[in-house]
Each structure stands twice: as structure tokens, then as C-alpha cells.
Amino acid sequence: MNYVYIIVLVVIAMALQRYFIYLQSKNYTQILLDMKNKGNVGVGVAKGAFSGRVVIMCSDLDETVIEGKTLKGFSTFSRFKDMPEVTGVKLDDLYNKEYTDKKYRKSIKTAVEQIRNLKNKEESKEENEEEN
């Protein structure tokens with residue numbers, strides 16, 4: 001009889017976990033869509049054994065960061081926080097800056113590289129359209 005209670009508790013815990021994962025995924029998608037409306041977006045992810053870091057940054061055409069958000073840890077209770085230290089900073093400055101946190105450095109560099117790649121794709125697409 002005690003096993004029934006344990007199984008019920010495990011099933012409830014699994015259902016709650018799925019619900020919190022759904023909420024976190026919904027939050028991530030909403031932030032990404034909001035930033036895409038503002039400019040070029042890059043996402044950087046640095047994984048670790050027990051924690052990680054996700055950075056989402058948005059920049060304008062001048063390669064100046066409009067907005068940045070970070071998620072630290074992989075708990076389903078973690079939420080994105082604003083990064084006021086990157087707002088208004090050029091992508092080159094962020095990329096070349098030395099950071100003490102290795103995961104933070106890796107995720108910022110990956111996000112900057114994604115923004116640059118997106119910008120290069122858009123520029124090459126515009127050049128091809130002008131030639132035709």
C-alpha cells in the first residue's frame with residue numbers, strides 16, 4: 001500500500017516538472033520573439049556539469065547592443081534577467097572583453113558571432129538582389 005503513495009508522488013513530481021519546463025520554454029520563446037522585432041538576435045549557450053548560462057542579445061545595424069538577457073543555471077525555476085551592462089555597448093567591445101566567468105564569456109562570444117553571421121547573411125542577400 002505504501003508503494004502506491006510513492007508512485008503517486010513520483011507521477012505528481014514528474015507532471016510538475018513538465019509544467020515548469022513548459023513555462024520556461026514559453027518564456028524563452030517570448031523573449032526571443034520580442035528581441036527579433038527590435039533587431040538582429042544572437043543566442044549564446046555555455047553548458048556545464050551542474051549549471052549553465054544562456055545569453056540572448058539584440059543589436060541594431062550599427063552593431064550596438066539594444067538589449068541583453070541572461071539565464072544562469074538550468075533549474076526550471078530560473079528566469080531570464082536583464083543585462084544592463086551590455087546595453088549600448090558595441091559588439092566588438094563585448095567580444096574582446098575579458099570575463100572572469102568562463103561560461104559567461106563563452107555565451108557572450110557565441111551570441112556576438114551569431115549576430116555577426118546574421119548580419120553578413122543579410123548583407124550578402126542585399127548585394128545579390130542589387131546585382132539582379
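Which residue forms a salt bridge with aspartate 92, and how far apart are the closest N and O atoms? The partner is arginine 116, and the closest N and O atoms are 2.2 Å apart. A salt bridge here is a side-chain nitrogen of Lys or Arg within 4 Å of a carboxyl oxygen of Asp or Glu.

The structure is a predicted model, in which local features need pLDDT of at least 70 and side-chain atom pairs count only at pLDDT 80 or more, while totals for chains, interfaces and linings use all residues. Residues are numbered from 1 along each chain as its sequence is written, and side-chain values use heavy atoms, with hydrogens and water left out.

## Helix 2 and helix 3

Aspartate 92 belongs to helix 2 and arginine 116 to helix 3, so the pair links distant parts of the chain, 24 residues apart. Helices (H or I, at least four residues) and strands (E, at least two) are DSSP runs, numbered from the N terminus. Aspartate 92 is partly exposed at 38% relative accessibility, and arginine 116 is also partly exposed, with a relative accessible area of 22%. In these terms, buried means under 20% relative accessible area, exposed means over 50%, and partly exposed lies in between (1.4 Å probe, protein chains only).

Asparagine 96 is in helix 2 and counts as exposed, at 56% relative accessibility. From asparagine 96 to isoleucine 108 there are 12 residues in sequence and 10 Å in space, C-alpha to C-alpha.

The whole structure holds six salt bridges. Side chains of opposite charge can pair when their charged atoms come close.

Because glutamate 67 lies in strand 3 (residues 65–72) and lysine 38 in the loop between helix 1 (2–36) and strand 1 (40–47), the pair ties together parts that are 29 residues apart in sequence. Glutamate 67 is buried, with a relative accessible area of 16%, whereas lysine 38 is partly exposed at 45%.

Lysine 69 is in strand 3 and is buried, with a relative accessible area of 15%. Its side chain makes a polar contact with the side chain of aspartate 82 at 2.4 Å. A polar contact is a pair of N or O atoms within 3.5 Å; within protein, one must be able to donate a hydrogen and the other to accept it, and residues adjacent in sequence count only if both atoms are side-chain atoms. Lys38, Glu67, Lys69 and Asp82 are linked in a network of salt bridges. Not counting residues up to four places away in sequence, lysine 69 touches residues including Ile31, Met35, Val55, Phe80 and Met83. Contact means heavy atoms within 4.5 Å.

## Nonpolar cores

A nonpolar core is a set of buried Ala, Val, Leu, Ile, Met, Phe, Trp, Tyr and Cys residues joined through side-chain atoms within 4.5 Å. The largest has 13 residues, of which Val55, Met57, Val86, Leu94, Tyr104 and Ile108 touch the most other members. Two or more residues come from each of strand 2 (52–59), helix 2 (91–96) and helix 3 (102–131). Helix 3 gives the most, with five residues. A second, separate core of 10 residues includes Leu32, Met35, Val41 and Phe80.

## Two loop positions

Glutamate 63 is in the loop between strand 2 and strand 3. Glutamate 63 has a positive phi of about 60° although it is not a glycine.

Glycine 73 is in the loop between strand 3 and strand 4 (81–82) and counts as buried, at 14% relative accessibility. Leaving aside neighbours within four places in sequence, glycine 73 is in contact with Ser51, Gly52 and Ser78. Glycine 73 and glycine 48 are 25 residues apart in sequence and 9.0 Å apart in space, C-alpha to C-alpha.
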